[in-house]
Amino acid sequence: MIELPSRPGRRTLLVGLGAITAVWIAAGLAFPDSWAGALLSIAASPSTHTAMLRLAVPIALAAIGGIFAEKSGVINIGIEGLLIVSAFSAILVTFWLGAGESTLALSHHWWGFAVGVLVSTLFALLFAIVCIEFKADQIIAGLAVWLIALGLAPFASRIVFQSPNTAGVGRFENVTIPVLSELPVVGYLLFDTPPQVYIMLGAAVVGWYLLNRTAFGRWVVASGENPKALDTAGVDVRRVRYAAVLLSGVFAGLGGAGFALGQLGTFAGSGETAIGGRGFIAIATYLFANYHPIGALLGSFLFAGLESVQIQLQNLGYAVPTELIRTVPYVTVIVVLVFVGKTRLPEAAGESYDADED
Amino acid sequence: MREDLERLLERLVHASVLERVAISFAALLAAILLGGVLVFVSGAFATCRSGLDLAGATFCYNPMQVYYELFLGALGHPLEGGWELHNYNLATTLRQTTLLIFAGLSVAVAFRAGLFNIGTQGQLVVGGLTTAVTVLFAASYLPSGFVGTVLLVPIGVLAGAVGGGFYGAIPGALKAYAGANEVITTIMLNFIAVGVTSTLLSWRFQDPASDNPQTRAVPEYAEIPNLPLVGFSPRMNFSLLALGFAIALIVGIAWLLARTAFGYELRTTGVQPAAAAYGGVDEKRMTVASMTLSGALGGIGGAFWVLMEHGRWLENVPDLGFDGIAVSILAGNNPLGVGFAAFLFGVLDSGSNSINTATDVPPELVGVLSGTIILFVAMPEFFRMIGRRYVDLEDSVPARSTGGEADD
């Protein structure tokens, strides 16, 4: 790889972004009637922030899951498919059991949620077996998982609901933590919010701890960087990779089922489905965050914030180039890959590990 | 040096061609079997007046009927009375075949160079819009009628190739000169293509007479002409000329890969980048060149989608590029195989319409089927294991671990 003349580095990029933001805020404050001012008032409004947190759920969780799989050496391109199957099955099971009722003192939304996570994990298991046991090309197998999910959800939906879109099952209620929710600024954001947001925040911390502070995390990194060494050290590379891929299924399942039951309340299965490429944004997000779980959470805030600002602008009747704004995450990740450097796929990512080789 | 490599390549190809074909067929069968089970089981969850009663459940769907509709419906039911060769279903099948040949060749060429081009979809979208815009622009300066056809169709196809080629060159250059993984960049560029083309459409090229997001229609004489007498009716949006061109392109690409210096360098870069570099191939330029060629083929697919199927560019571009990946993988990235695989996927596409009209089974089944086919083709090791259990293949099958790449 040749060294490009200007590799600004991640820090320079962040400083630049910060400077632009500062100028924008100053302009918005100085001229509240201007375009910058309108944008500022939207960006500062509480409804934008709550929407941002909810929209970040599938992206952040899928990204954290993707980190584990890819760090272990298995590129999981099929994460979009995992979001689709978990979102759809969560809605379907909640509908079957009867929305609004409960079994064993647990609301049917939570049963649906659990099944959603389970289905996503089973798909991840299938993907893991195909990649690890049968040494399939990971990219092709991941694409297959995505395509199968893309067909399976509307297929099943048509059988049950006679339409690619499911019936509505309602959403999770907000969980309000007394006292803490009265706090200024963070109160309404972090302590009066639907449960999937708590799950997302908790999962980011768990993901970070697991990857950076435990033996398992070190094995995952070694399995992606130098599986031979890990094998020599007496750790079974296959089992580490199985665990990492299953974990990506669990995280993506939490994201898909949480998004479906907490935000959508129904699942539209036609076209690119209600997930709408969020799994691919998740891939962009973790590459942008250079495989750091907390960074992925913040990155998902960035991309979800963009989406929520754009939705608010549209609601206020501004003509927004929606389609062009949607490309921002994808352009960002290409810019980061090309100019910022440092983001580099794990050494052994994409290769199946064979203990008997050479 | 070069002769040694050539011999090595030849041996690898011939040693594995038979096995590859066998694996593709096995994958196809396995997917059909699994799909049949899926259809049968999901029938228990559907509601119907009459079905097969088994173990207290009513199974509404008959997999045999579904596959009958899928495979024979796509040809227009040749086994039933009153069959005509020039029927609408067969035209749909062959139209999809034609478009999938371009998309499949696009993926295959990149694959042979050791690059995974997931971006054929984006290249097809960009190429299609370039074609529509160029033809609309050029049509106002050129005569109409036969002369217009002779001039505009090649201009349109060329424009699609240039647009797609340019869009394919981007990830190629990013890979060659900045080390950006082409799998990631092409995925991202697919989404960027959708965003940018829709923005361009609403900014400048939207058909003012329509509420649908689409360009104005190109003049009728600028569409791919139909052959008189033997051709399909113009209402069926399929031209034998287009299929002929696609087949010619298959032969051309096969010849390019097998018999030219460029093809030799491309394949060597794919199999043995180090050896290729030692042999004097500029790897960076080869990466850009093969991605450009791949993108151009995808762009030609977009051009034919515009000039044959709709006569205009629509924002809602079907997933031909992703199906192209399936086609290429099923074909073992062999240009000649792409023709057969494209026909199979053309049948699947067209057959989904027959399933929709003739049965209660949701047509999305076809999406599941093609995903399953890819999944099975991606794991040749699975079939080798089964094979070894029943037949002693140890000597004849080289124990290779990777799937999907050609000549490895």
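Guide: Chain B has an average pLDDT of 85, and 91% of its residues score at least 70; pLDDT is the predictor's confidence in each residue, on a scale from 0 to 100. Over residues 393–408 of chain B the pLDDT is below 50, yet this stretch has 34 contacts in the model beyond near neighbours in sequence. Two residues are in contact if their C-beta atoms, placed from the backbone, lie within 7 Å. For the complex, the predictor gives an ipTM of 0.84 and a pTM of 0.87.

This is a predicted model, in which local features need a pLDDT of at least 70 and side-chain atom pairs count only at pLDDT 80 or more, while totals for chains, interfaces and linings use all residues. Residues are numbered from 1 along each chain as its sequence is written, and chains are lettered from A and ligands numbered from 1 in the order in which they are written.

The part to look at is the side of chain B that touches chain A. There, 42 residues of chain B are in contact with 42 residues of chain A. The elements of chain B that give two or more residues to this side are α5 (145–178), α6 (182–205), α11 (320–330), α13 (365–377) and α14 (380–390). Such helices (H or I, at least four residues), like strands (E, at least two), are DSSP runs numbered from the N terminus. The largest share, 11 residues, comes from α6(B). By type, the residues on this side divide into 25 nonpolar, 15 polar and 2 charged. In this count Ala, Val, Leu, Ile, Met, Phe, Trp, Tyr, Cys and Pro are nonpolar, Asp, Glu, Lys and Arg are charged, and the others, Gly among them, are polar.

One residue of chain B with partners in chain A is Ile374(B). Leaving aside neighbours within four places in sequence, Ile374(B) is in contact with Ile140(A), Leu143(A), Ala144(A) and Leu147(A), and also with Ala326(B) and Ile329(B). Along with Ala60(A) and Ala87(A), Ile374(B) has the most contacts inside the largest nonpolar core, which has 227 residues. A nonpolar core is a set of buried Ala, Val, Leu, Ile, Met, Phe, Trp, Tyr and Cys residues joined through C-beta atoms within 7 Å. A residue is buried if 20 or more other C-beta atoms lie within 10 Å of its own, exposed if 12 or fewer, and partly exposed in between, with C-beta atoms placed from the backbone.

Now the rest of chain B. The chain has 14 helices and 2 strands. Its radius of gyration is 23 Å, close to the 22 Å that the globule rule gives for 408 residues, so chain B is as compact as a globular protein of that length; the radius is taken over C-alpha atoms, and the rule is 2.2 Å times the number of residues to the power 0.38. Of the 408 residues, 53% count as buried.

Helix α4(B) (residues 120–139) has 17 of its 20 residues buried, so α4(B) is largely enclosed by the rest of the structure. In helix α5 of chain B lies Ile170(B), which counts as buried with 22 C-beta neighbours inside 10 Å. Asn237(B) is in the loop between α6 and α7 (240–259) of chain B. Although not a glycine, Asn237(B) has a positive phi of about 55 degrees, and with 18 C-beta neighbours inside 10 Å this residue counts as partly exposed.

Buried residues make up 48% of chain A. Lys135(A) sits in the loop between α5 (108–133) and α6 (138–161) of chain A. Lys135(A) is buried, with 23 other C-beta atoms within 10 Å, and has a positive phi of about 50 degrees although not a glycine.
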